[in-house]
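This briefing goes through one protein model by topic. Please keep the sequence and the structure in view while reading.

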Amino acid sequence: MQITKDIVIGELLMKDPSVAPLLMNAGMHCLGCPASQGESIELACMVHGIDADALVDELNEYLASKE
């Protein structure tokens, strides 16, 4: 699975819940929050001061390593 920063966090977590620790380590500690379920990675990164491109790269590397 290849993701982009436009993917909604809730959708990403439904597709692969194992990415939750990566998101938490990046600083997104509110994954259970209803608002986060409808936010894109890009928007959540902007709110939390995280580099969205770097996080997407990390997530895609992790997902590729699972294949």
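The model is predicted. The protein chain has an average pLDDT of 89, and 100% of the residues score at least 70. Its largest nonpolar core has 19 residues, and the structure holds four salt bridges.

**Confidence**

- Helix α5 (residues 52-66) has the highest confidence in the protein chain, with a mean of 94.
- Confidence is lowest in helix α3 (residues 34-38), where the mean is 76.

**Nonpolar core**

- Within the largest nonpolar core, the residues with the most contacts are Leu23, Met28, Ile41 and Leu59.
- Two or more residues of this core come from each of α1, α2, α4 (41-48) and α5.
- Helix α5 gives the largest share of this core, five residues.
- Beyond its neighbours within four places in sequence, leucine 59 is in contact with Ile3, Leu12, Val19, Leu22, Leu23 and Ile41.

**Helix α4**

- The buried residues in α4 are Ile41, Ala44 and Cys45.
- Viewed down the axis of α4, these buried residues fall within an arc of 100°, so they line one face of the helix.
- In general, an α-helix has 3.6 residues a turn, so residues three or four places apart point the same way.
- Helices α1 and α5 are what the buried residues of α4 pack against.
- Met46 and Val47 are exposed, on the face of α4 turned away from its buried side.

**Cysteine 45**

- Cysteine 45, in helix α4, counts as buried because its relative accessibility is 1%, against a cut-off of under 20%.
- Leaving aside neighbours within four places in sequence, Met28, Ile50, Asp51, Ala52 and Leu55 are in contact with cysteine 45.
- From C-alpha to C-alpha, cysteine 45 and leucine 22 are 13 Å apart in space, and they are 23 residues apart in sequence.

- Aspartate 16 sits in the loop between α1 (9-15) and α2 (20-26).
- With 9% relative accessibility, aspartate 16 counts as buried.
- Lysine 66 and aspartate 16 form a salt bridge, with their closest N and O atoms 2.7 Å apart.
- Because lysine 66 lies in helix α5 and aspartate 16 in the loop between α1 and α2, the pair ties together parts that are 50 residues apart in sequence.
- Lysine 66 is partly exposed, at a relative accessible area of 44%.
- The side chain of aspartate 16 also has a polar contact of 2.4 Å with the side chain of serine 18.
- Outside the four places on either side in sequence, aspartate 16 is in contact with Met1, Leu63 and Lys66.

**Other salt bridges**

- Aspartate 53 pairs with lysine 5 in a salt bridge whose closest N and O atoms are 3.2 Å apart.
- This pair ties together parts that are 48 residues apart in sequence, because aspartate 53 lies in helix α5 and lysine 5 in the segment before α1.
- Aspartate 53 is partly exposed at 44% relative accessibility, and lysine 5 is partly exposed at 27%.
- A network of salt bridges links Lys5, Glu42 and Asp53.
- Glutamate 11 and lysine 15 meet in a salt bridge of 3.4 Å, N to O; both lie in helix α1, four residues apart, about one turn of the helix.
- Glutamate 11 is partly exposed, with a relative accessible area of 36%.

Notes:
Residues are numbered from 1 along each chain as its sequence is written. This is a predicted model: local features need pLDDT of at least 70, side-chain atom pairs count only at pLDDT 80 or more; totals for chains, interfaces and linings use all residues. Side-chain values use heavy atoms; hydrogens and water are left out. Buried means under 20% relative accessible area, exposed over 50%, partly exposed in between (1.4 Å probe, protein chains only). A polar contact is a pair of N or O atoms within 3.5 Å; within protein, one must be able to donate a hydrogen and the other to accept it, and residues adjacent in sequence count only if both atoms are side-chain atoms. Contact means heavy atoms within 4.5 Å. pLDDT is the predictor's confidence in each residue, from 0 to 100. A nonpolar core is a set of buried Ala, Val, Leu, Ile, Met, Phe, Trp, Tyr and Cys residues joined through side-chain atoms within 4.5 Å. The arc is that of the directions from the helix axis to the C-beta atoms. A salt bridge is a side-chain nitrogen of Lys or Arg within 4 Å of a carboxyl oxygen of Asp or Glu.
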